[in-house]
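Please look over the sequence and the structure shown below before reading on. The briefing after them goes through a few topics one at a time.

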Amino acid sequence: MLYKDLIKNIDDGKLSHKFNIFKYYEYNDIHLNYIPGGVDATYIFGGNHEVPYNDSFAIIDIIQRYNTTRDYKECAKELNDYFNRNKDHLLIYSIDRVNESFMELQDELNSIYIYELALYIINNISNVEVIKLAIFFLSFINLGENDDKILYNLALCDEFTFFVLFYHINQLDNKNDIIFDLVKKVNGFGKIFLMDKLKITNNKIREYIITRGVYNTSDMALMSGIIYNKLDISKFINDEMSDEIYKSISIIIDSLIGNDKILRDKFISNINLYLDYFDKYYDKPFTYLCVSNLYYYNDEDIHNRLDKIINNRKFIKNISNKLEESKDFDELFQIIYLIDSYNLDFDKEIFTKFGSNPFKYAFMYEKLLKTKYKDKATSLLANDFPGKRDDLTNDYSLFDDYSYKLKFILKLINDYPYINNKFIILGLRNKFVDVRNMALDTLFNWNRESDIDFKDTDIYKELIKLKDKEVSKELKDSIKELLS
């Protein structure tokens with residue numbers, strides 16, 4: 001059961017990354033690229049409230065049918081069956097109307113029955129939307145300490161944070177203390193929901209927001225907007241600020257560059273103040289991404305300031321040293337992005353770094369494909385890329401690093417017919433259906449753009465082997481088309 005699984009994975013007051021809520025969802029169209037709490041966040045912050053369904057009538061009908069007998073187990077089963085039949089229905093789109101109906105029926109519904117129903121669902125049902133409904137049910141009950149603990153535990157999971165926050169914590173006298181406690185224990189959309197409601201009542205909260213508040217695993221831009229509206233960041237940009245504060249402000253400014261809802265004059269003033277201190281922090285990797293994206297900000301004065309900063313001899317020397325010495329992926333990725341943004345000439349240095357470990361630094365291949373090192377880089381990467389042959393599946397490569405890199409390469413070489421056949425062959429051998437599909441898409445494009453007869457290549461021989469092994473009907477049809 002979901003809740004029992006969640007409890008087992010609470011470690012030191014936080015939900016462990018080992019807890020996998022994905023296994024409680026089927027990968028349909030809605031949840032294929034799912035981020036816990038993401039659908040609710042789209043509703044709350046995105047404003048899209050239109051869907052072709054309203055579950056409130058069915059939910060209320062099921063609840064009312066068992067109100068007299070108080071058969072909460074049968075009611076829970078029916079609610080579970082309903083959401084299992086309607087896998088694409090999400091409670092957030094109907095909850096307001098469910099709430100209105102509950103308010104009207106409050107005197108008729110048996111409170112003990114609703115309480116028993118809610119607890120039974122939480123402890124015995126694994127459907128995420130039904131558990132959210134149970135959280136809502138408990139908002140109509142006077143809860144005890146143990147019930148509050150159950151809700152607190154659920155709030156540690158980003159998928160349930162909003163419902164616990166909105167239907168319970170917001171009603172408490174000490175809600176700000178609980179929100180501040182929780183905001184330090186969740187990392188995704190749950191943290192964003194909580195931060196949106198957190199009030200700055202003391203310096204401890206203010207300090208946390210400016211130093212740690214922006215960090216989350218779901219949406220930096222959304223969180224940055226919330227923080228920017230809560231704090232005047234200019235008050236933190238001064239001679240006494242720490243690396244930690246400058247880093248946080250770098251992320252906030254970078255995340256808001258494309259936000260047309262913020263006051264432009266104030267934002268430009270904050271950017272200029274930020275750049276006043278850049279010389280002190282120029283060698284910190286967290287600044288690279290910010291100054292790269294600021295280059296595209298539509299303000300001539302800022303653009304001129306950036307040109308002077310980036311073309312400073314000391315800064316250029318720092319970039320050269322970082323390329324040679326750094327082994328940190330994020331730092332090197334941001335350096336390459338900065339080089340690209342300002343069209344700086346570091347092709348030789350990038351190729352040298354890439355050549356030291358082509359598989360590890362595969363992201364540099366995108367840059368090198370546009371240089372005179374294209375063929376040498378391709379050969380190095382092909383030789384260094386591990387070969388794998390797996391049993392084929394219809395699964396997607398959601399969290400597989402090897403397959404992510406292979407898809408990245410297959411997409412890059414789409415416009416370079418027969419630059420190296422190994423990547424196509426590795427893609428066709430990959431266990432994940434999306435990787436094999438990417439390999440076939442690239443091969444189709446190669447054949448359209450090239451005069452080479454692929455029947456004379458080792459790719460053709462690989463397709464012959466794959467023809468009978470392929471488990472996806474769509475891919476099998478594509479293979480037949482290529483072979484015909």
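**Salt bridges and the chain around them**

Counted by the rule that a side-chain nitrogen of Lys or Arg lies within 4 Å of a carboxyl oxygen of Asp or Glu, the salt bridges come to 20. The model is a predicted one, in which local features need pLDDT of at least 70 and side-chain atom pairs count only at pLDDT 80 or more, while totals for chains, interfaces and linings use all residues. Residues are numbered from 1 along each chain as its sequence is written, and side-chain values use heavy atoms, with hydrogens and water left out.

**Charged pairs**

- Side chains of opposite charge can pair when their charged atoms come close.
- Lys185 forms a salt bridge with Asp181, and the closest N and O atoms of this pair are 3.5 Å apart.
- Glu244 forms a salt bridge with Arg212, with 3.9 Å between the closest N and O atoms. Because Glu244 lies in helix α14 (residues 243-256) and Arg212 in helix α12 (residues 203-213), the pair ties together parts that are 32 residues apart in sequence.
- Glu470 forms a salt bridge with Arg436, where the closest N and O atoms are 2.8 Å apart, and both Glu470 and Arg436 are buried, a word that means under 20% relative accessible area, as against exposed (over 50%) and partly exposed (in between), using a 1.4 Å probe and protein chains only.

**The chain as a whole**

- The chain has 28 helices and two strands, where helices (H or I, at least four residues) and strands (E, at least two) are DSSP runs numbered from the N terminus.
- Of the 484 residues of the chain, 52% count as buried.
- The C-alpha atoms of the chain fill a box of roughly 80 × 70 × 40 Å, taken along the principal axes.

**A buried residue**

- Ile339 is placed in helix α20 (residues 329-341) and is buried, with a relative accessible area of 0%.
- Leaving aside residues up to four places away in sequence, Ile339 touches Ile319, Leu323, Leu344, Phe346, Ile350 and Lys367, where contact means heavy atoms within 4.5 Å.
- Ile339 and Tyr82 are 257 residues apart in sequence and, from C-alpha to C-alpha, 54 Å apart in space.

**A partly exposed residue**

- Tyr396 has its place in the loop between α23 (374-384) and α24 (401-412), and Tyr396 is partly exposed, with a relative accessible area of 44%.
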